[in-house]
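The sequence and model come first, followed by the points grouped by topic.

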Amino acid sequence: MQTWPSHPVPRVPGTPRPLRLYDTATGEIRPTTPGPTATMYVCGITPYDATHLGHAATYLAFDLVHRQWLDNGHDVHYVQNVTDVDDPLLERAERDHSDWVVLAMRETALFREDMTALRVLPPRDYLGAVESIPEIVEAVAKLLSDGVAYRADDEQYPDIYFDRLASGHFGSVSNYDADTMAKFFAERGGDPDRPGKRHPLDALLWRTARPDEPSWDSELGPGRPGWHVECSVIALNQLGMGFDVQGGGSDLIFPHHEFSAAHAEALTGLHPFARHYTHTGMIGLDGQKMSKSLGNLVFVSRLRGDNVDMMAVRLGLLSGHYREDRAWTDTVLDEATARLARWRAAVSRESGPPAEPTVARLRDHLADDLNTPQAIRALDAWAADEGSDTAAPAQIRDAVDALLGVALPGWSGV
């Protein structure tokens, strides 16, 4: 699958800071410790609607991870998937009397445009579930042969399920209790009441073909993959076990990230799947989480169509800490627009205060679990001051570009 265009990232003088991130599995802010190549997998969209600001906030957070690693001199192998066959996509296509393939292609193309406009650095590997089906079939067949997966007791639709306890580490990502797991499993795509399963929390690996649904012939019989195993297989094939960061929104902690880890660990006999599990908070509107089911979405493409400056949108989303649930309001956008104007005016001056102390503070704050509110305050202070250093405006411009991804005057990228 085609990814989106990249742009040059300036090198910033001075001393980079190793990145520390909150790890959901341990409940601690810990150093990321990549080798020469830092590795990251971030779960992608199910393309049945346009990109909203909740999506955008998640991909901006991991774009900052990408940028801090680049600043530290690492090559970055970033992988993202597209769940281009799944129940929500098929349901939307049926509702709109649309071809599900056309719908997925259209919304994925729109997502790429939105990410380009927001200056999110693209993944090296951008893979769809459909193109990964041969590898998924191979993995599910292995889980069956190893006795950690089973067919549901259903003669008509003997779907294949995963024994949740098979890896020996189930629960180690979320640390949720049984009641919380049951609640989220039912709310987030699980099928706890499906007859023929051995346990309500066992997760679907392969859905046997149903009438009027897409399916693929395989050694498992005609069908299509479950949701969680797609990410297990793509991450394993591209990055291997023990990659540096598994990322996504906080609504993916359970069941999605719990099961994608459990599948991979059962397949390989190794633990952990990822060395860091990092999750972003939810973006709300009018006091509620922004979600398709509630219909309270602010779409990036709509903002683009209204000629809203995408750098103001980026800055507005970065004005809150990535792990916090927070609201998007007209005030957030207005404040970001005004801040962007001040920064652009400041870096357009012939001189300014010395850049080095501000760049050092910017690095310190971003290295501390991506503390963007404090990083933004440091830049506000520099922009509000005056000085005689003629090199400083360009140095600040490049640091803001490289580390925050916000384009100011003089940026020559695409």
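The model is predicted, and a search of the whole structure returns 13 aromatic pairs.

**Aromatic pairs and their cluster**

- Phe170 and Phe254 make an edge-to-face pair, with ring centres 6.1 Å apart and 70° between the planes.
- This pair links distant parts of the chain: Phe170 belongs to the loop between strand E7 (160–162) and helix H5 (178–187), while Phe254 belongs to helix H7 (residues 253–268), 84 residues apart.
- Both Phe170 and Phe254 are buried.
- Phe185 and Phe259 make a tilted pair, 6.2 Å from centre to centre with 55° between the planes.
- Here too distant parts of the chain are linked, with Phe185 in helix H5 and Phe259 in helix H7, 74 residues apart.
- Phe185 and Phe259 are both buried.
- Through ring pairs, a cluster is formed by Phe162, Phe170, Tyr176, Phe184, Phe185, Phe254 and Phe259.

- Phe259 is located in helix H7.
- Its relative accessible area is 0%, and Phe259 therefore counts as buried, the cut-off being under 20%.
- Leaving out residues up to four places away in sequence, Phe259 touches Phe162, Arg164, Phe170, Phe185, Leu201, Ala203, His228, Ser232 and Phe254.
- Asp202 is 57 residues from Phe259 in sequence, and the C-alpha to C-alpha separation is 9.2 Å.

**Arginines over rings**

- Arg210 lies over the face of Tyr157, 4.1 Å from the ring centre.
- The ring of Tyr22 has the charged end of Arg323 over it, at 4.2 Å from its centre.

**Nonpolar cores**

- In soluble globular proteins, nonpolar side chains tend to be buried together.
- The largest nonpolar core here holds 68 residues, and those with the most contacts inside it are Leu53, Leu118, Val313, Leu317, Trp328, Trp343 and Leu404.
- Helix H1 (residues 53–71) supplies the largest share of this core, 10 residues.
- Beyond its neighbours within four places in sequence, Leu404 contacts Leu64, Arg67, Arg314, Leu318, Trp343, Leu362, Leu366, Thr372, Leu379 and Ala399.
- A second, separate core has 44 residues, among them Ala141, Ile160, Ile234 and Leu239.

**Strands E4 and E5**

- Strand E4 (residues 75–82) pairs with E5 in the parallel sense over four bridges.
- Gly128 in E5 is the bridge partner of Val82.
- From strand E5 (residues 125–128), Asp125 and Leu127 point one way and Tyr126 and Gly128 the other way; all are buried.

- An open sheet is formed by four strands in the order E6-E7-E8-E9, with antiparallel pairing.
- Strand E6 (149–151) and strand E9 (223–225) are the edge strands, each pairing on one side only.
- Neighbouring strands of the sheet are turned by 20° against each other on average, direction ignored.
- E7 and strand E8 (residues 203–208) run antiparallel and are joined by three bridges.
- Phe162 has Ala203 of E8 as its bridge partner, and Phe162 is also one of the residues in the aromatic cluster.
- Helix H4 (residues 133–145) lies across E6, E7, E8 and E9, at about 115° to E8.
- H7, the helix that holds Phe259, lies across E7 and E8 and runs at about 95° to E7.

Conventions:
Residues are numbered from 1 along each chain as its sequence is written. This is a predicted model: local features need pLDDT of at least 70, side-chain atom pairs count only at pLDDT 80 or more; totals for chains, interfaces and linings use all residues. Side-chain values use heavy atoms; hydrogens and water are left out. Rings of Phe, Tyr and Trp (its six-membered ring) pair if their centres lie within 6.5 Å; planes under 30 degrees apart count as stacked, over 60 as edge-to-face and the rest as tilted. Helices (H or I, at least four residues) and strands (E, at least two) are DSSP runs, numbered from the N terminus. Buried means under 20% relative accessible area, exposed over 50%, partly exposed in between (1.4 Å probe, protein chains only). A charge sits over a ring if NZ of Lys or CZ of Arg is within 6 Å of the ring centre and within 35 degrees of the ring normal. Contact means heavy atoms within 4.5 Å. A nonpolar core is a set of buried Ala, Val, Leu, Ile, Met, Phe, Trp, Tyr and Cys residues joined through side-chain atoms within 4.5 Å. Two strands pair if DSSP finds at least two bridges between them. Axes are lines fitted to C-alpha atoms, for helices over the stretch in contact, and angles run from 0 to 180 degrees between N-to-C directions.
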